Amino acid sequence: MAAIVAEEPAIRKPASDTRQYRVILLPNGLEAVLVQDLEEHAGQEGGAGPQQRTTAAVALNVSAGNLQDPPEWRGLAHLLEHMILQGSTKYPGASEWKAFIASAAGRTNASTGLDNTNYHFSCAAHRLEEGLDRFSSLFVAPLLKVACNLSLSSSLFLSLSLSLPPLSLLLSF
């Protein structure tokens, strides 16, 4: 059972933010921020009055990024970001996560920053439980397949090398 860590008004937010927040502590020690946004959309095209949103969204932020890469493995955090999304022991297909997202009218993305990596997705609200099961399995028991990752690592190396300034420019300082 999750324990409530903070509720409104303890959570600071702008006065114009109408969403409701709750911070909970999960049994595994992770903190989760729950956000409820039931703002109604009056006057939507084709609609006869206000409607509630029917999309759910989830984000997971890991406090590790590019600054934690070992010098001899620059780009490792970014590679791991991509590898994690390639399947889990429970859902082993490399494209199962993306197929689920597409079937649930959702979106997914991830990004690696200097000191954190963020994974997020949205889906139809009635598919959230399945989405959470699939999403969490990617972190609990990722496959980290070598075969899938050879092409990934080549693509990431190319993107990394294209984003770096030429070596001659770096040596001129």
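Which residues do ring pairs link into a cluster?

Author: Ring pairs join Trp97, Phe100, Tyr119, Phe121, Phe135 and Phe139 into a cluster. Before the details, some conventions apply. This is a predicted model, in which local features need pLDDT of at least 70 and side-chain atom pairs count only at pLDDT 80 or more, while totals for chains, interfaces and linings use all residues. Residues are numbered from 1 along each chain as its sequence is written, and side-chain values use heavy atoms, with hydrogens and water left out.

The structure holds 6 aromatic pairs; rings of Phe, Tyr and Trp (its six-membered ring) pair if their centres lie within 6.5 Å, and planes under 30 degrees apart count as stacked, over 60 as edge-to-face and the rest as tilted. The ring centres of Trp97 and Phe135 are 5.6 Å apart and their planes stand at 35°, so this pair is tilted. Trp97 belongs to helix H2 and Phe135 to helix H3, 38 residues apart, and the pair thus links distant parts of the chain. Helices (H or I, at least four residues) and strands (E, at least two) are DSSP runs, numbered from the N terminus. Trp97 and Phe135 are buried, where buried means under 20% relative accessible area, exposed over 50%, and partly exposed in between (1.4 Å probe, protein chains only).

Phe135 also forms a tilted aromatic pair with Phe121, at 4.9 Å centre to centre and 50° between the planes. Phe121 lies in strand S6 and Phe135 in helix H3, so this pair ties together parts that are 14 residues apart in sequence. Phe121 is buried, as is Phe135.

Consider next helix H2, which comprises residues 96-103. Its residues Trp97, Phe100 and Ile101 are buried. They cover an arc of only 100° around the axis, which puts them on the same side of H2; the arc is that of the directions from the helix axis to the C-beta atoms. The buried residues of H2 pack against S5, S6 and H3, contact meaning heavy atoms within 4.5 Å. On the face turned away from this buried side, H2 carries the exposed residues Lys98 and Ala102. Just after H2, Ala105 takes a positive phi of about 55°.

The strands in this part belong to an open sheet of 3 strands in the order S4-S6-S5, with antiparallel pairing; two strands pair if DSSP finds at least two bridges between them. Strand S4 (55-62) and strand S5 (107-112) are the edge strands, each pairing on one side only. Neighbouring strands of the sheet are turned by 10° against each other on average, direction ignored. Axes are lines fitted to C-alpha atoms, for helices over the stretch in contact, and angles run from 0 to 180 degrees between N-to-C directions. S4 pairs with strand S6 (residues 117-124) over 8 bridges in the antiparallel sense, and Ala57 has Ser122 in S6 as its bridge partner. Helix H3 (residues 128-140) lies across S4 and S6 and runs at about 155° to S6.

As to confidence, pLDDT is the predictor's confidence in each residue, from 0 to 100. The chain has a mean of 78, with 71% of its residues at 70 or more. Helix H2 has the highest confidence in the chain, at 96, whereas helix H5 (residues 167-171) has the lowest, at a mean of 43. Where pLDDT is low, the predicted coordinates should not be read in detail.
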